[in-house]
Amino acid sequence: GFRFPQRGVLLSLGPLQDKYWFADEARVIAEELELPIFATPGTAEALHGLGIPATRLEKHDGPASAMRAIGDGKIDLVINVPVDYDELGRPDGYMIRRGAVDAGIPLITDLQLARAVVEALRHRLREIETRRQAGAGADAVRDAKVAQLVAAANAAVDRFAASFPATAELRKRARRVLGRHTHKDNIAFDG
């Protein structure tokens, strides 16, 4: 089955609109789930522009590459959406996806599914709170620690919700900039 990621998430999000479409979920990964984000160059640049921390990794072999991070066990979830094809006709990021599969790391190649997975992880945090409330009083020390954890997670959700206006403004700015280069019908943030 699917394991809750604990070490880090690798994002390689394909076309520019996909990078921005997944921005809210990337913020959840970084802030609510408190997982480090590793990202390929284009995705890292987009995330940094949105104020979301991400460690930049090259797609190909090297000391700071996605393949090295996978091999070193720094990543336990890969979200990789192809954008191009290499000289052999393979989708962009083929080696990253192959490395994830070979290492037994969950791999998601569809952004709608990735968004659903992030929401499921958030749901898991809510379930922890429900269980804590049901067992309140049985172990006061444990209950206090879990309450502290849930309070921190809820504060992160509140910060995330407060970021919606900023995201709307960023999308507005992106439409304005991209509108200089393409028709407005070509600009979408809904996938």
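Q: In β4, what is the bridge partner of V9?
A: The bridge partner of V9 in β4 is L77. This is a predicted model, where local features need pLDDT of at least 70, side-chain atom pairs count only at pLDDT 80 or more, and totals for chains, interfaces and linings use all residues. Residues are numbered from 1 along each chain as its sequence is written, and side-chain values use heavy atoms, with hydrogens and water left out.

Q: How many bridges join β1 to β4?
A: Four bridges join strand β1 (residues 9-12) to β4, and the two run parallel. Strands here are DSSP runs of E with at least two residues, helices are runs of H or I with at least four residues, and both are numbered from the N terminus. Two strands pair if DSSP finds at least two bridges between them.

Q: And β4 to β5?
A: Two bridges join β4 to strand β5 (residues 107-108), again parallel. V78 stands opposite L107 in β5.

Q: Are the side chains of β4 buried or exposed?
A: Buried, on both faces of the strand (residues 77-80): L77 and I79 lie on one side, V78 and N80 on the other. Buried means under 20% relative accessible area, exposed means over 50%, and partly exposed is in between, with a 1.4 Å probe and protein chains only. In a regular strand the side chains alternate between the two faces of the sheet.

Q: What order do the strands take in the sheet?
A: The five strands form an open sheet in the order β3-β2-β1-β4-β5, with parallel pairing. β3 (55-56) and β5 stand at the edges with a single partner strand each, so one side of each has no neighbour in the sheet.

Q: What holds β3 on? Which residue stands opposite R56?
A: β2 and β3 pair in the parallel sense over two bridges. A39 stands opposite R56 in β3.

Q: Which helix packs on that part, touching β1, β2 and β3?
A: α3 does, and its direction makes about 130° with that of β2. Axes are lines fitted to C-alpha atoms, for helices over the stretch in contact, and angles run from 0 to 180 degrees between N-to-C directions.

Q: Which residues of α3 are buried, and what covers them?
A: The buried residues of α3 are P41, T43, A44, A46 and L47. Their cover includes β1, α1 (16-21), α2, β2 and β3. Just after α3, G51 takes a positive phi of about 80°.

Q: Switching to the core. Which residues have the most contacts inside the largest one?
A: L11, F22, I37 and I79, in a core of 30 residues. A nonpolar core is a set of buried Ala, Val, Leu, Ile, Met, Phe, Trp, Tyr and Cys residues joined through side-chain atoms within 4.5 Å. The elements giving two or more residues to this core are β1, α2 (23-32), β2 (37-39), α3 (41-49), β4 and α6 (111-134). α6 gives the most, with six residues.

Q: What is I79 in contact with?
A: Leaving aside neighbours within four places in sequence, I79 is in contact with V9, L10, L11, S12, L13, F22, I108, L111 and A114. Contact means heavy atoms within 4.5 Å. There is also a second, separate core of eleven residues, which includes L10, I75, I96 and I105.

Q: OK, charges. How many salt bridges?
A: Six, where a salt bridge is a side-chain nitrogen of Lys or Arg within 4 Å of a carboxyl oxygen of Asp or Glu. In one of them, the side chains of E25 and R115 meet at 2.7 Å, N to O. E25 lies in helix α2 and R115 in helix α6, so the pair ties together parts that are 90 residues apart in sequence.

Q: Is E25 buried or exposed?
A: E25 counts as buried, at 11% relative accessibility. R115 counts as partly exposed, at 23%.

Q: What about R98 and D102?
A: The side chains of R98 and D102 meet in a salt bridge (2.7 Å, N to O). Both lie in helix α5 (residues 94-103), four residues apart, about one turn of the helix. R98 is partly exposed at 36% relative accessible area, and D102 is exposed at 56%.

Q: Which residues are linked in a network of salt bridges?
A: E32, E119 and R122. The E119 and R122 side chains meet at 3.5 Å, N to O.
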